[in-house]
Amino acid sequence: QIRYSIPEELTRGAFVGNIAKDLGTDVAKLAAANLQVLSDSDSQYFSVNVNTGVIMVSERIDREQLCGQNPRCFLHLKLAIENPVEFYRIEVEILDINDNPPEFPSDEVSLRIYELASLGARFPIQPAQDPDVGTNTLQTYHLSANDNFNLNVKARTDGGKFPELVLERALDREFRAFHYLVLTAEDGGSPPQSSKIRITIQVLDANDNHPVFDRPSYGARLVENSPLGTLVVKLNATDVDEGPNGDIRYSLSSHNSAALRQIFAIDEQTGEIRVQGNLDFEEATVYEIEVEAKDMGSPTMEEHCSVVVEITDVNDNAPEVILTSFSSTLSEDALPGTVVAVIHVRDRDSGEQGKVLCHVSPDLPFQLRKDYEHQYSLLTSTRLDREHVAYYNVTISASDLGNPPLSRHTILPITLIDVNDNAPQFEQASYEVLVAENNPVGSVLVTVSAADPDSEQNSRLSYSILRAGGTDPGLDPTRYLSIHPTNGQVTAKFPFDYEQTTYLQFHVEVSDGGSPALRNRTLVHVFVVDQNDNAPRVHFPRAGEDSATQLRISPSIVPPALITKVVAIDADSGRNAWLSYHLVEATDLGLFSVALRSGEVRIMRALQETDASAHELLVVVRDAGEPPLSTAVTLVVVVEEKGPEALQGSEARAADDGGLPSITLYLIVSLVLISTV
């Protein structure tokens, strides 16, 4: 804490103090630390030059306007420095100068005094008011020279001085009916200032005894917030005169302020003083009431006394929480110990009732640190996670030490700002897709989906296709497939052909929109399902288009002799390649037969002379697909007399013409095995 003292009414730009020198630091460091001066008052009376570290006066300072009659006047400042955040408390004492003369409420006052007034009678004069304090305020009064009156100055406990005229020599109206005096009020400044009031005294006859209080002053003690009508004190004054001259009426003196008259009232008959307004210890701790008692004589005579009322404090003010600095947003990666808010607390009560303790809920990841008296800092106590809790309502509870204690709760809403700390996660570690061959171009094969618990840009996902390890280098997935970058739909660029590609695998990568972006992958397996899109093809016996294959047999052939075998293959697989052979048409259906699975063509009975010399057979090869596909072959069987030689020749020629290559034999063997299974 740093303290300076300056006189009031300094000009703007006047020097107050050098912060850099008093803090023992370099001016350049203060400028780099964003030095700021914060005032507790509504006006900014001071400013700081960050280049020199000098605090200067920025507005006119009137001590009387700021502090009234308080003997000491202070302005409190806070010096804030960033990186790191530090606060220094500055106290500037405003010294009084003699810039106000004492002033009477009016230029002239009139008194009416009975000629029989007893010696030593006192007649109060409205005092002069001087807003200055200390030696600069009102110090003394001077009365002009006269034969009958002397001046007495009555000092109050609050330092006020009230002039009274004291009758030193008996009055004689017949000798002098009017007295003209001049009262001068003078302060203690250098040079002193003064003002004057003219006093006109009219000497009257008759009522020559004034009321007398049973004691010169009274005292009372009340607690603040006492109910209206509470009795403060009962005054008692007597007058030895009889009749109207001894009938006393009580009233509050004109010396009392208008504010005091609103708080207290007196019964003019009984002299009881009661509370009629709000008593607030924080506004005044002591009230001094001037009371006068007047008789009903003509002219009236009066007497004055003082009633001192002390106010006892009660705990009637809850603590106040003032945010000096606060940020409602906080990054979720903020380290423990990060300052979120700077809080100033105060309580207008006194003593233990004015001491304040603050705390926050232990269930929250925040804590309070007491920087110094009446100031706390709100800090993060642990790591934060926006995906777990995105918003906090931090309640600052401030309680005083009164009995019972009073408290106030202030809620600070804090929103966490997201950082990209979560990678996207797929719903499945891998996907398996069955797709029928000959699928339409653009059809959706699968939709991959990932989620990211981050928010906004950090949760915006983008999908792409990558080649999976172990995949045939010739099968580039991006050649066959495409993926929508935002919804993850995988579509086909071309129809699949089972006979060329039966299986494809690839990776789908998802990345978020953070900086840097976080990524994840999933593996997709695509299995192509065969469709019956290939008809059987006859490999033996071979025949040209729109032509038949001619075979020769001997008339003496013995049934069930093998004439030939129809061999066909189907490029499809499974049931779609499961072939069957059927004799659909023949010159004589009972003469020949075709084996259902092997395709062997045999003669079923011996030839007769009545049989035709040539027989035409139509053999259909059909697969087991849905719907089935088929191929037909026409065989012409010629009956010749040449016998075995001709048959052997034709068989040899058939073997020469239709000899199966080795690959065809392998296909036939495979087909037979598949059919058997």
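Hi everyone. Please keep in mind that this is a predicted model, where local features need pLDDT of at least 70 and side-chain atom pairs count only at pLDDT 80 or more, while totals for chains, interfaces and linings use all residues. Residues are numbered from 1 along each chain as its sequence is written, and side-chain values use heavy atoms, with hydrogens and water left out.

Let's begin with the overall layout. The protein is divided into domain 1 (2-95), domain 2 (108-204), domain 3 (212-312), domain 4 (320-417), domain 5 (425-529) and domain 6 (537-639); these bounds come from an automatic or database domain assignment. Between the C-alpha centres of domain 5 and domain 6 there are 50 Å.

UniProt, in an unreviewed entry, lists "domain: Cadherin" for residues 5-104, 105-213, 214-321, 322-426, 427-538 and 545-663. Its positions are given here in our numbering, with feature names shortened, and annotations may be inferred rather than shown by experiment. Take residues 214-321: this span is 6% helix and 44% strand, with its end C-alpha atoms 50 Å apart. Residues 322-426 are 0% helix and 53% strand, and there the end C-alpha atoms are 48 Å apart. Helices (H or I, at least four residues) and strands (E, at least two) are DSSP runs, numbered from the N terminus.

Now to some strands. Two strands pair if DSSP finds at least two bridges between them. Strand 1 (residues 2-7) runs parallel to strand 7 (residues 86-95), joined by six bridges, and I6 has I94 as its bridge partner in strand 7. Strand 7 also pairs with strand 6 (residues 74-81), this time antiparallel, over eight bridges. There, I81 stands opposite E86. Strands 6 and 7 make a hairpin with four residues between them, and N83 in the turn has a positive phi of about 55°.

There is also an open sheet of three strands, in the order 2-5-4, with antiparallel pairing. Which strands stand at its edges? Strand 2 (15-18) and strand 4 (46-49) do; each has a single partner strand, so one side of each is left without a neighbour in the sheet. Strand 2 is joined to strand 5 (residues 54-57) by three bridges, and N18 stands opposite V54.

Finally, is S253 buried or exposed? S253 counts as buried because its relative accessibility is 2%, where buried means under 20% relative accessible area, exposed over 50%, and partly exposed in between (1.4 Å probe, protein chains only). S253 lies in the loop between strand 19 (248-252) and helix 4 (258-263). Not counting residues up to four places away in sequence, S253 touches R261, E290, V291, E292 and H304, contact meaning heavy atoms within 4.5 Å.
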